[in-house]
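Subject: Structure for you to look at

Dear colleague,

I am handing over the structure below, followed by notes on what was found in it. Please read the notes with the coordinates open.

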Amino acid sequence: MRALHDSGQHGELSHLHEEAATRPLPLEARRFHLTHAWVYALVEGDAPHVARLEDQLRVLGGL
Amino acid sequence: MLDIRDIAQGLRSAMGPIEEANGLPSPLYTSAEGFELERKQLFHAGWTCIAYGKDVPHPGDAKPVSFLGAPLLVLRDRDGAVRVYENVCRHRGMILVDAPRNFGGVIRCPYHSWCYSLDGKLRATPHVGGPGINRHDSINPDETGLTPVRAAIWMDCIFVDVSGTAPAFDDWIAPLAARWADFTDKPLYPGAGSSFTLDVHCNWKLAIENYCESYHLPWVHPGLNSYSKLEDHYHIEAPGAFSGQGTVVYNPKLSDTQSFPNFADLPAKWDTGAEYVSLFPNLMLGIHRDHMFAIRLDPISHERTIENVDIWYASEEAATSDAYAELRATNAAMWKDIFIEDISVVEGMQKGRHATNFDGGRFSAVMDSPTHVFHAWVAQRLHG
């Protein structure tokens, strides 16, 4: 993720953060990753992905 | 420090009858204070051209514009409409976009990643309520979108009213829109390879003044004058709005075998007619039966101006096809040569404005009236 940070590969970054959020992490860490996955999906303009991430964030209290 | 009272007499004189008037006072050409006064009372207090629609041709295209210190963002939304916003995040005032680019999704602030959709709405505020909490009651997205700037597009020229208090755009542009009604409903196609800039060491007003009148043509543009003579020109004057000159002998011979297609359904007067108008404050336009050009002035300082020149054609083929590439290049080169011929005189007038005893100059009551119209407009806007 760090290597991709300034790469402009926002879709890839979004998916990496989403994948990280599936790991057995504390709630706060999962929300953090989903937040970044959501922002990069917004930048990518991937509306279905954005909607899916927003659903997950709502469930976790992030939206 | 320039005080408006110091130049009040000069402004009153510029507004007088042309036979008695002097040109605008020199501090408006030679001082940073004069430039600042114009920024406030001319450029940021009414409609001004800041870009062209061709600069943002596709949905999602965005172009940052520093408009005399005001950071603006010109963008084309998903529906194809041109919008202008202040180019700053509503969070900490960070510049949002620092170079032209296309946005497939939202506009993300590079500082804390607050995100805005192309309609200006605040779309995301990551971590605003703490880590992973992306909302907070104190931030209402409906009230915290990008700050819109009043904008309008006409003949592919994008105008803004930073003050938000100028007359309605349609009313403001109405006199020129009426004059050029034969063209305003026609599509314009930006010419490929038809853009160039000129960096001129003069006050922006001198470029406008020179463009207003045909008086200088025999002396500064002998080539142009060989087929478009002084007596073939007429004045165009709309006090308070625009001024310029027209010709009745427009008939370019760019090629022995090819010519550009004309705009459709033009009245016969445009067969050999062409008009060149300065739309106050900073846009110089040329209209012909087969192409239009615009010179948008970006005043950089009181003694430096960038001229942004673009040419549009009447059909997509004329504007973009290889078949017309050579003719477009010839046309652009012809205009560029003519505009370059003007540089020595506008830069010469800039140096002349430093003469201690120059009183703004006397006008030819016959030949300089379009220039006087412009001076009177500036004086009225500054003096009231």
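A residue is called buried here when its relative accessible area is under 20%. The model is a predicted one. Gln350(B) has a relative accessible area of 2%, and is therefore buried. This glutamine belongs to helix α10 of chain B, which covers residues 325-352. Leaving aside residues up to four places away in sequence, Gln350(B) touches Tyr29(B), Thr30(B), His201(B), Cys202(B), Asn203(B), Leu206(B), His302(B) and Glu303(B).

Contact between the chains

The contact draws 17 residues from chain A and 16 residues from chain B. Together the two chains bury about 1,300 Å², with 58% of that on carbon and sulfur atoms. On the side of chain A, Val39(A), Leu42(A) and Val43(A) supply 33% of the area buried against chain B, more than any other three residues. One salt bridge is counted between chain A and chain B. Its partners are the side chains of Arg123(B) and Glu54(A), at 2.9 Å from N to O.

Helix α2(A) runs over residues 27-44, and its 18 residues should span 26 Å at 1.5 Å a residue; the end C-alpha atoms lie 25 Å apart, which agrees. Just after the helix, Gly45(A) has a positive phi of about 80°.

Helix α11 of chain B

Helix α11(B), residues 369-383, has 15 residues and reaches 20 Å from its first C-alpha to its last, close to the 21 Å expected. Of its 15 residues, 12 are buried. Among them are His372(B), Phe374(B), His375(B), Trp377(B) and Leu382(B). Just after α11(B), Gly384(B) takes a positive phi of about 80°.

Is strand β14(B) enclosed or open to solvent? Six of the six residues of β14(B), residues 274-279, are buried, so the strand is largely enclosed by the rest of the structure. Both of its faces are covered: Ala274(B), Tyr276(B) and Ser278(B) are buried on one side, and Glu275(B), Val277(B) and Leu279(B) on the other.

β14(B) pairs with β13(B) in the antiparallel sense over six bridges, and Gln245(B) stands opposite Tyr276(B). Five bridges join β14(B) to β15(B), residues 283-287, again in an antiparallel arrangement. In that pairing Val277(B) stands opposite Leu285(B). β14(B) and β15(B) form a hairpin with three residues between them. Pro281(B) lies in the loop between these two strands, and the peptide bond joining Phe280(B) to Pro281(B) is cis, with omega of about 5°.

The three-stranded sheet of chain B

An open sheet of chain B has three strands in the order β1-β10-β9, with antiparallel pairing. Its edge strands are β1 (48-52) and β9 (150-154), each of which pairs on one side only. On average, neighbouring strands of the sheet are turned by 30° against each other, direction ignored. Five bridges join β9(B) to β10(B), residues 157-161, and Arg150(B) stands opposite Asp161(B) in β10(B). Helix α4 (residues 169-179) of chain B packs on the sheet and touches β9 and β10; the helix direction makes about 25° with that of β9(B).

Two residues with positive phi

Met155(B) sits in the loop between β9 and β10 of chain B. This methionine has a phi near 50°, a positive value in a residue other than glycine. With a relative accessible area of 8%, Met155(B) is buried.

His127(B), in the loop between β8 and β9 of chain B, has a positive phi near 65°. His127(B) is partly exposed, with a relative accessible area of 26%.

Regards

Key: Residues are numbered from 1 along each chain as its sequence is written. Chains are lettered from A and ligands numbered from 1 in the order in which they are written. This is a predicted model: local features need pLDDT of at least 70, side-chain atom pairs count only at pLDDT 80 or more; totals for chains, interfaces and linings use all residues. Side-chain values use heavy atoms; hydrogens and water are left out. Helices (H or I, at least four residues) and strands (E, at least two) are DSSP runs, numbered from the N terminus. The expected span of a helix is 1.5 Å times one less than its number of residues. Buried means under 20% relative accessible area, exposed over 50%, partly exposed in between (1.4 Å probe, protein chains only). Two strands pair if DSSP finds at least two bridges between them. Axes are lines fitted to C-alpha atoms, for helices over the stretch in contact, and angles run from 0 to 180 degrees between N-to-C directions. Contact means heavy atoms within 4.5 Å. Buried area is the accessible area (1.4 Å probe) that two parts lose on being put together, summed over both. A salt bridge is a side-chain nitrogen of Lys or Arg within 4 Å of a carboxyl oxygen of Asp or Glu.
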